[in-house]
Amino acid sequence: ASFTIALRTVDNITVMIKLRPGVLPSCPIRVKYAITFELKIKPGDNVTFTFTCSTPEKYFIMEIQKNIDCVSGPCPYGDVHLYPPGLPRLNRTFIWDVKASTKAGLELKFSTPWLRQIEPGETCPDFVSYNINSCIDKATVNIGTFCRNGSVSRVKLLGGVIMSLHLPWDSPLTTSGFNIANRASIKRLCIIESILKGESSITLMSPNYPLGFPEDELMTWQFVIPSNMRASVFFHNYSLSNCERKEERVEYYLPGSFSNPEVFKLSDSQPANIAGSFNLSLQGCDQDAQNPGILRLLFQVIVQHPQVDENVTHLVDLSKEWNMTVTIHFEGWPNRVPLMSEPICLICKDPRTCDRVLTLVSGAIYKISFLCKDLSHLRITAEKGISCVDLRWCQRKIYSLLVPKVITQLPIRLHKFIWKLSAPDLINVEITSPSLKLQQHVPEQRCNTSYSYSIVSATPETELNVGVFCPGGSIEKIQMRNNITISLKTFGKGFINDSNHQDLKMSFVPHIKDECTFTVSPDPKAKVYLQTPNWPYGLPPYVSISWYVVVPSKQVARLGFSKDRMGIMCETGRAYVNIKEETLGAEEIVRREDELLPKPRNMYHDFWVNVSNCKPVDKTQLTLQFWVALADKQIDLGVILAVVAGAGVLVAIGFTVCCVKKKKKKSQNPMVGVYNANVNTQVPGKKGLFAKGRKNNESHVYAVIDDAMVYGHLLKESNGTVTPEVDVYRPFDGPVGSLPPSPPPFSFRKDIKYSPNNEEPPPVMDTDHDTYTFAHQKSGQMEDNGDTNEKNNGDTNEKNNGDTNEKNNGDTSMSLLENKEQDGLEE
């Protein structure tokens, strides 16, 4: 098809057809006998042309520019038409270049549905857009880009204007949608009028956004709002220039105000809950020529109906609080920015000072109200700081880490309450929960409560996430070094009721050895799962963590690890797991990172579990989990028989001693006192963590021995060639209780044997009295190191070597002892 475009000279219109940017030359234009890829039709021309392809809209665009002179001649007031008619269906840009004097402003009035301003780079849904530029002398200022269907009804400009309308090739639009109204002096860069009807939200930007508002300019937005509606202003993005003179600011003309204009800084909270129409002006300054900076502003105006409870005030009394802030905010703050179309929820600390986010500080009393249809979109985040400078003063004080009732009584859900605990070096923090205790949140034992505590220990170099804990567990106490952050986070609405039963307390304590120490009293009815901090990322290098597990006297604890090995390789140092019962003479079980972890075992006393990290190789991390389960002690029938038999032996020995004493008394032979100054009355081995039993009591040392119990003549009879079957007495090497030790029970006889494959021998259940044992050692045999035994032979061999020797040799020695005593009596 061919097209004919005839332009009148008086219309001052130029039409340009050219290739779209980035398109290869194709589908040329045929004008008579000429072929071209660009066609320019000037005023007074009459041109007929055709396209050589059926889809020219893919290759060409069209610009139609009309020059209007409102300086030397009359302005064509009224509607602006799309002229000329009969244009080909190409993407079209209509440009109206209107020259006007700076003494008389030019007003553009838009027909409904008016315009909506968009950010640079944003596109309109129907691809129909307007661009308005103001021309003052030779300077051009971009007022903004607009789509249809908005609230901007008029734009007044100082000087001339370049108005552009972009239409896609398939747009059915046949009118420009605006007209040129009367001229009037405005004495500022521009005035933008916005009419808002009903509940709505609009976004507007300063001219030249985001490149910068012109220096020392003034512009105004006029908002027309029904008197029965309320408007609020929010600045979302702004920056300031470097001023040499004057100051950048915004000014408001507000209805009912006695101090118009009200001046605000761009950093201030802007007016809210405005009843009726108002004006907002942006004033620039004289900028620094060397470093001007950029003044720009993007803001939002929200219009809503008056809220039913806007006059309902809530008293927030923070006058007695210290070092605390309370922030009421929208859901997702501060990581998420609410969409412009989302329902607005405002928090007001007075009728005109409202915002999406309101922060209250301790030491003051507030009366707040809410402009919000649904308060479920609001949250509370509070933070309180507690510090210690002098341990002599703060060590005697116990702090309750409770959420104040003034917060829980608000109709807003508490999202998080944060305690920041700080102390200088050598002062640490202790967390306790006397009545509720704490449960560690682990995959096998998840928290199912309305709130939980996240505990983080931090130094300037490292941060240790101790873990997530909730009430209702077995952890009585947590001691930590460094500064501590405890975050209480709520889940659901149940915290309102549970907040009345909070039971978390904090105190400052002297320096502790490990990075973190837990005190655990396991639940008798359930397994307790515990895991290393910083899960699942692993302990930091060279960090040591300890657990102290309390075992009731009438119960036994079963300790087990969730995996066989630590699962790391060390680049520097070694990683260890140490287990030791809190009793004198108890063995210390040590495992390195290259060894198997101990198999499940019974623990009869309070015990320690310590995990110490090395510097791991590559990305391997030390993560360890173990469990503890309690069970009642079972009294074994064999143990009962052994105790009865032991009592019989004691009676027999007592009877024998009495007979000997009577015989000696008759013969008036004096008692032989034997004192050995080399006997060590202290229990050998590593000193326990706590003093216990008869450590300093020498009642278990034989100070006087009857001469009938001395068997030196046996050695003389053998001429020193026969090794006696009776072991020499050695210092006691076992646990010491509060009562004198008992002889070995009959269950220790050598006819009772244990398989080397057994995990451990059957435990002696009656542990109210410590067992008295003799450690036998052959001549010339070195005593094995505890670590070596564990590494080479394992727990089974260690126990078989100890217990079996005692059973095989102990009974034999006792029999010989009885025989020799009998021989002495007969003599």
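**Figure 1. The disulfide between Cys-243 and Cys-285.** In this predicted model, Cys-243 and Cys-285 are joined by a disulfide with an S to S distance of 2.0 Å. The torsion about their S-S bond is about -85 degrees, so the disulfide is left-handed. Cys-243 belongs to strand S21 (residues 243–245), while Cys-285 sits in the loop between strand S25 (278–283) and strand S26 (286–287), so the bond ties together parts that are 42 residues apart in sequence. Cys-243 counts as partly exposed at 33% relative accessibility, whereas Cys-285 is buried at 1%.

**Figure 2. The disulfide between Cys-27 and Cys-53.** The structure holds nine disulfides, and one of them joins Cys-27 to Cys-53, with an S to S distance of 1.8 Å. A torsion of about -90 degrees about the S-S bond makes this disulfide left-handed. Both cysteines lie in loops: Cys-27 between strand S2 (13–19) and strand S3 (29–31), and Cys-53 between strand S6 (46–51) and strand S7 (60–69). The pair therefore ties together parts that are 26 residues apart in sequence. Cys-27 is buried, with a relative accessibility of 5%; Cys-53, at 25%, is partly exposed.

**Figure 3. The disulfide between Cys-570 and Cys-614.** The sulfur atoms of Cys-570 and Cys-614 are 1.9 Å apart and form a disulfide. The link is left-handed, with -85 degrees about the S-S bond. Cys-570 is in strand S48 (residues 570–572) and Cys-614 in the loop between strand S52 (607–612) and strand S53 (615–616). These are distant parts of the chain, 44 residues apart. Both Cys-570 and Cys-614 are buried.

**Figure 4. The open sheet S45-S54-S47-S51.** Four antiparallel strands form this open sheet, in the order S45-S54-S47-S51. Strand S45 (528–531) and strand S51 (601–603) stand at the edges with a single partner strand each, so one side of each has no neighbour in the sheet. On average, neighbouring strands are turned by 30 degrees against each other, direction ignored. S45 is joined to strand S54 (residues 625–632) by four bridges, and Val-528 has Val-628 in S54 as its bridge partner. Lys-527 lies over the face of Trp-627, at 4.0 Å from the ring centre.

**Figure 5. The open sheet S28-S33-S30-S31.** In this open sheet, four strands pair in the antiparallel sense in the order S28-S33-S30-S31. The edges are strand S28 (314–317) and strand S31 (353–355); each has a single partner strand, so one side of each is left without a neighbour in the sheet. Strand S30 (residues 346–350) and S31 are antiparallel and joined by three bridges. One of the residues taking part is Asp-350, whose bridge partner in S31 is Thr-353.

**Figure 6. Strand S42 and its pairing with S36 and S39.** Strand S36 (residues 413–422) pairs with strand S42 (residues 483–490) over six bridges, in the antiparallel sense. Leu-421 has Ile-484 in S42 as its bridge partner. Strand S39 (residues 451–458) also runs antiparallel to S42, and eight bridges join them. Here Tyr-451 is bridged to Thr-490 of S42.

Figure 7. The structure has 23 aromatic pairs. Among them is the edge-to-face pair of Tyr-451 and Phe-495, with 5.3 Å centre to centre and 75 degrees between the planes. This pair links strand S39, which holds Tyr-451, to helix H3 (residues 495–498), which holds Phe-495, 44 residues apart. Tyr-451 and Phe-495 are both buried. Phe-469 and Phe-518 form a tilted pair, with 6.3 Å centre to centre and 35 degrees between the planes. Phe-469 is in strand S40 (residues 463–471) and Phe-518 in strand S44 (residues 516–520), 49 residues apart. Phe-469 is buried, with a relative accessible area of 0%, and Phe-518 is likewise buried, at 0%.

**Figure 8. An aromatic cluster, and a charge over a ring.** Ring pairs link Trp-221, Phe-223, Phe-235, Tyr-252, Phe-264, Phe-278 and Phe-299 into a cluster. In a separate contact, Arg-356 places its charged end over the ring of Phe-234, 5.9 Å from the ring centre.

Notes. Residues are numbered from 1 along each chain as its sequence is written. This is a predicted model: local features need pLDDT of at least 70, side-chain atom pairs count only at pLDDT 80 or more; totals for chains, interfaces and linings use all residues. Side-chain values use heavy atoms; hydrogens and water are left out. Two strands pair if DSSP finds at least two bridges between them. Helices (H or I, at least four residues) and strands (E, at least two) are DSSP runs, numbered from the N terminus. Axes are lines fitted to C-alpha atoms, for helices over the stretch in contact, and angles run from 0 to 180 degrees between N-to-C directions. A disulfide is a pair of cysteine sulfur atoms within 2.5 Å. Buried means under 20% relative accessible area, exposed over 50%, partly exposed in between (1.4 Å probe, protein chains only). Rings of Phe, Tyr and Trp (its six-membered ring) pair if their centres lie within 6.5 Å; planes under 30 degrees apart count as stacked, over 60 as edge-to-face and the rest as tilted. A charge sits over a ring if NZ of Lys or CZ of Arg is within 6 Å of the ring centre and within 35 degrees of the ring normal.
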